[in-house]
Amino acid sequence: SNIAFTIDTTKSQIYKIIGLEKGLYNGIFSQTQYILTFTYPLDLLGTRNIYVKTTNIIMDNLNLSSGDKTTLKSIPVNVSPFGIIRYNNFENTESHLKTETDYLDIELTDDLNNYIDFNGIDWNICI
């Protein structure tokens with residue numbers, strides 16, 4: 001670019017996708033244009049995991065990526081875009097509940113802790 005620019009990645013999580021670390025970046029003038037070198041390659045793969053969470057139960061589990069204790073399971077996304085994700089719990093893992101409840105409020109989130117947008121497609125889960 002021949003115009004000075006600044007990228008502020010502290011206000012969103014886009015930095016993880018475009019290959020930067022969290023911070024403020026200014027284009028550096030080099031001869032005739034401003035240049036910015038990215039720390040990491042561009043990541044257009046999408047989420048690598050789907051996190052099954054419940055907000056009304058606290059557990060002994062700790063999700064290291066988000067720091068929460070509400071994640072029941074992390075399901076790896078091992079299919080191409082628009083593929084069907086099938087998961088069977090062959091590990092036979094369990095979650096130990098620290099609270100009791102009469103219902104489960106299930107949330108599905110991605111690696112950036114955003115809700116999964118299924119674009120109107122039906123989905124199901126069996127617990």
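Ala, Val, Leu, Ile, Met, Phe, Trp, Tyr, Cys and Pro count as nonpolar, Asp, Glu, Lys and Arg as charged, and the others, Gly among them, as polar. I need this for the pocket entry below.

Entry 1, ground rules. The model is predicted, with local features needing pLDDT of at least 70 and side-chain atom pairs pLDDT 80 or more, while totals for chains, interfaces and linings use all residues. I number residues from 1 along each chain as its sequence is written, and side-chain values use heavy atoms, with hydrogens and water left out.

Read from the N terminus, their order is β-α-β-β-β-β-β-β. How does the radius of gyration of the protein stand against that of a compact globule of 127 residues? The protein has 20 Å, whereas the globule would be near 14 Å (taken over C-alpha atoms; the rule is 2.2 Å times the number of residues to the power 0.38). Along the principal axes, the C-alpha atoms fill a box of roughly 65 × 30 × 30 Å. I also noted that 23% of the 127 residues are buried (under 20% relative accessible area; exposed is over 50%, partly exposed in between, with a 1.4 Å probe and protein chains only). Of the contacts between residues at least 6 apart in sequence, 45% join residues at least 24 apart (contact: heavy atoms within 4.5 Å).

A pocket is an open set of points on a 1 Å grid where a 1.4 Å probe fits, with protein on both sides within 12 Å along at least five of seven lines, and lining residues have an atom within 4 Å of a point. Which residues line the second largest pocket? They are K16, I17, D43, L44, G46, T47, R48, D110, D111 and L112. I sorted this lining into three nonpolar, two polar and five charged residues.

T70 and S66 both belong to the loop between β5 (49–54) and β6. Is T70 buried or exposed? T70 is buried, because its relative accessible area is 16%. Beyond its neighbours within four places in sequence, T70 is in contact with V52, K53, T54, I57, I58 and M59. T70 is 42 residues from L112 in sequence and 15 Å from it, C-alpha to C-alpha. S66 has 34% relative accessibility, so I list S66 as partly exposed. Although 45 residues separate S66 from D111 in sequence, their C-alpha atoms are 8.3 Å apart. L72 sits in strand β6 (residues 71–76) and is partly exposed, because its relative accessibility is 23%. Between L72 and I57 I read 15 residues in sequence and 9.6 Å from C-alpha to C-alpha.

Most residues other than glycine have a negative phi. Q31 is not a glycine, yet I found a positive phi of about 60° there. Where is Q31? Q31 is in the loop between β3 (28–30) and β4 (33–35), and Q31 is exposed because its relative accessible area is 73%. N113, also a residue other than glycine, has a positive phi near 65°. I place N113 in the segment after β7 (106–109); its relative accessibility is 44%, so N113 counts as partly exposed.

Methods. Helix = DSSP H or I, 4+ residues; strand = E, 2+ residues; numbered from the N terminus.
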